[in-house]
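Visitor: I have a structure open here and have never looked at it before. Can you walk me through it?

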Amino acid sequence: MTKKQLGIFLTVVVLLLAALIVGIVLTDGLYEKNVNIQESMQDAVLHEGDKVWFFGMQVNPGLISAYLVTAVILIFAAIVRIAVIPRFKIIPGKFQLVLEEAVGMFDGMAKNNSPHRNKFLGAYIFAAAAYIFVGTLFELVGFPWQSVAEKSVTLPAPLSDINGAISLGCLSYLVILAGGILSTHVRGLGRTLKEFSLPISMSFRLFGALLSGLLVSELVYSYMTLSFVLPVLVGVLFTVMHALVQAYVLATLTALIYGEVTEPYVKKSKVRSKENNKQTKPEVNV
């Protein structure tokens, strides 16, 4: 970078900072808060003040988000399967390469953690990770909806609602339970039931991680001096980070525990006898 370019860059930065300061000073006092930050954060968790109508029932807006995200994923998957996959080539393009890498990563994760039963596991953790990723990024769209009180509300991420997080955690636990029963029957059932806290830990890990980004954004928005430019950076940063991290964490945990409960049982006596036979087997020199 030359001195002239550096001077232009510094001038632009100074002008932007000056414009932000002027904007903060001029707009201070123009807005009145109807609720305090405690009420705003409580409503973000419990959704008591932003219920929406759904076929005559009052539901949390996260339910509408969940249906919209599911519809988007299913439509996208159908389009890819019908119109894109039949046109795949030996030398992959950019989209084909990204899709193959994603499928290969989750398929490899399933095979490495559960070598005995992994066909359905790979498909499930890929679908669950895609749902978490797309659902978390959904809140960046800012999709509006009318609440019961006839106010416009922004649909949140599906998993920022505790009900959505519990549903996905319990679904992952049921997949693990079914795999254990199908592979080792009663023993697999016992192994899975020992992990009774798994759906709780999965659910609250998802809920807490995704909700933290929302609460941080609420805190930033609540202060006038921080409500310029910074909320955009904070919101995007937390949203993208949580989308990637939580999708990977849930897929990894599900694959690990699924592999443990589906591992075939081998009696210790048989293992010891095989080891003894190997030790007592005479060596043959050629």
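Visitor: Where is the place of R205?

Guide: R205 sits in helix α8, residues 198-222. Helices here are DSSP runs of H or I with at least four residues, strands are runs of E with at least two, and both are numbered from the N terminus. This is a predicted model, in which local features need pLDDT of at least 70 and side-chain atom pairs count only at pLDDT 80 or more, while totals for chains, interfaces and linings use all residues. Residues are numbered from 1 along each chain as its sequence is written, and side-chain values use heavy atoms, with hydrogens and water left out.

Visitor: Is R205 buried, exposed or partly exposed?

Guide: R205 counts as partly exposed, at 34% relative accessibility. Buried means under 20% relative accessible area, exposed means over 50%, and partly exposed is in between, with a 1.4 Å probe and protein chains only.

Visitor: What does R205 touch?

Guide: Not counting residues up to four places away in sequence, R205 touches Q246, V249 and L253. Contact means heavy atoms within 4.5 Å. R205 and V249 are 44 residues apart in sequence, and their C-alpha atoms are 9.5 Å apart in space.

Visitor: Stepping back, how many helices and strands does the chain have?

Guide: The chain has ten helices and four strands. Along the sequence they follow the pattern α-α-β-β-α-α-α-β-β-α-α-α-α-α.

Visitor: And what share of the residues is buried?

Guide: Of the 286 residues in the chain, 31% are buried. As for contacts between residues at least 6 apart in sequence, 69% join residues at least 24 apart.

Visitor: How do α3 and α5 pack?

Guide: Two packed helices are described by the angle between their axes and the distance between the axes. Helix α3 (residues 61-84) and helix α5 (residues 119-137) pack at about 120°, with their axes 10 Å apart. The axes are lines fitted to C-alpha atoms, for helices over the stretch in contact, and angles run from 0 to 180 degrees between N-to-C directions. That angle makes α3 oblique to α5. Under 35 degrees counts as roughly parallel, over 145 as roughly antiparallel, 65 to 115 as roughly perpendicular, and the rest as oblique.

Visitor: Which residues make that contact?

Guide: On α3 they are A66, V69, T70 and I73, and on α5 they are A130, Y131, V134 and G135. By class there are six nonpolar, two polar and no charged residues. Ala, Val, Leu, Ile, Met, Phe, Trp, Tyr, Cys and Pro count as nonpolar, Asp, Glu, Lys and Arg as charged, and the others, Gly among them, as polar.

Visitor: What about α5 and α6, at what angle do they pack?

Guide: α5 and helix α6 (residues 162-184) pack at about 175°, with their axes 12 Å apart. That makes α5 roughly antiparallel to α6. The contact is made by F120, Y124, Y131 and I132 of α5 with L168, L171, S172 and V175 of α6. Seven of these residues are nonpolar, one is polar and none is charged.

Visitor: New topic. How many aromatic pairs are there?

Guide: The structure holds five aromatic pairs. Rings of Phe, Tyr and Trp (its six-membered ring) pair if their centres lie within 6.5 Å; planes under 30 degrees apart count as stacked, over 60 as edge-to-face and the rest as tilted. F76 and F95 form an edge-to-face pair, 6.4 Å centre to centre with 80° between the planes. F76 lies in helix α3 and F95 in helix α4 (residues 94-113), so the pair ties together parts that are 19 residues apart in sequence.

Visitor: How are the rings of F120 and Y124 placed?

Guide: Their centres are 6.4 Å apart and their planes are at 20°, so the pair is stacked. F120 and Y124 both lie in helix α5, four residues apart, about one turn of the helix. F120 is exposed at 53% relative accessible area, whereas Y124 is buried at 10%.

Visitor: Where is F55?

Guide: F55 is in the loop between β1 (52-54) and β2 (57-59). F55 is not a glycine, yet has a positive phi of about 55°. At 77% relative accessibility, F55 counts as exposed. F55 also forms one aromatic cluster with F54 and Y67.

Visitor: Last one: what is A251 in contact with?

Guide: Leaving aside neighbours within four places in sequence, A251 is in contact with F106, M109 and I125. A251 lies in helix α9, residues 230-261, and is buried at 3% relative accessible area.
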